[in-house]
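Please read them with the model open.

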Amino acid sequence: MIKPTFALTLGLFSLLAQAQMTPVGLWRSIDDESKQPKAEIRITQTASAGLSGVVERGLQNNPNTDPNCNLCSDDRKGKPKIGMEIIRGGQQSDGKAVWEGGKILDPENGKNYSLRLTPIDGGTKLEVRGFIGAPILGRTQTWIRVQ
């Protein structure tokens with residue numbers, strides 16, 4: 001016979017595991033070239049707008065990097081990269097641990113890409129795929145969950 005406290009504990013662990021298989025949370029992006037932590041991005045979700053990802057802080061002190069997104073061509077042009085919304089939209093695919101349909105901005109070049117987010121390794125990492133056209137034409141970064 002399973003004791004009620006054991007069943008409750010098992011149920012809570014199950015809920016915590018499911019809660020982590022989402023892109024919602026604070027993530028550390030890794031620089032493609034240096035492989036060093038680059039920034040922390042907080043991803044939130046609303047029922048109406050989908051996902052939103054905002055750069056909370058930069059982690060690299062690179063004096064050659066412009067603090068503003070001067071290459072952006074939309075409402076973010078000239079705005080500071082810290083505090084900037086770089087992920088807009090995106091919803092979970094039918095019952096899968098994949099979020100698609102949104103856009104991600106690369107503030108270094110000002111370009112927007114179609115977005116696919118996939119939590120991996122029990123939700124401790126996030127595959128962030130930005131692409132133009134077909135998903136095979138793009139690049140994937142792996143972000144690390146901070147919280």
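**Notes on strands and loops**

1. Start with Ser93: its side chain makes a polar contact with the side chain of Glu100, at 2.8 Å. A polar contact is a pair of N or O atoms within 3.5 Å; within protein, one must be able to donate a hydrogen and the other to accept it, and residues adjacent in sequence count only if both atoms are side-chain atoms.

2. A word on the basis. The model is predicted: local features need pLDDT of at least 70, side-chain atom pairs count only at pLDDT 80 or more, and totals for chains, interfaces and linings use all residues. Residues are numbered from 1 along each chain as its sequence is written, and side-chain values use heavy atoms, with hydrogens and water left out.

3. Ser93 sits in the loop between β5 (91-92) and β6 (99-106). Strands (E, at least two residues) are DSSP runs, numbered from the N terminus. Ser93 counts as buried because its relative accessible area is 16%, where buried means under 20%, exposed over 50% and partly exposed in between (1.4 Å probe, protein chains only). Leaving aside residues up to four places away in sequence, Ser93 touches Val98 and Glu100; contact means heavy atoms within 4.5 Å.

4. The flanking strands belong together. β5 and β6 pair antiparallel over two bridges; pairing requires that DSSP finds at least two bridges between the strands. Gln92 has Trp99 as its bridge partner in β6. Six residues separate the two strands of this hairpin, and Gly95 in the turn has a positive phi of about 70 degrees.

5. With β4 it pairs in the antiparallel sense over two bridges, and Arg88 stands opposite Lys103. Six bridges join β6 to β7 (residues 111-120), again antiparallel. Asp106 is bridged to Lys111 in β7. That hairpin has four residues between the strands, with Gly110 at a positive phi near 75 degrees.

6. Now β1 (residues 25-30) and β2 (residues 37-46). They run antiparallel, joined by six bridges. Ile30 has Pro37 as its bridge partner. The hairpin has six residues between its strands, and Lys35 in the turn has a positive phi of about 65 degrees.

7. β2 also runs antiparallel to β3 (residues 50-58), over eight bridges. Thr46 is bridged to Gly50.

8. Last, Gln60, in the loop between β3 and β4 (85-88). Its relative accessibility is 31%, so Gln60 counts as partly exposed. The residues it touches, beyond four places away in sequence, are Asp31, Ser34, Gln36, Pro37 and Lys38. The C-alpha atoms of Gln60 and Gln36 are separated by 8.1 Å, with the two residues 24 apart along the chain.
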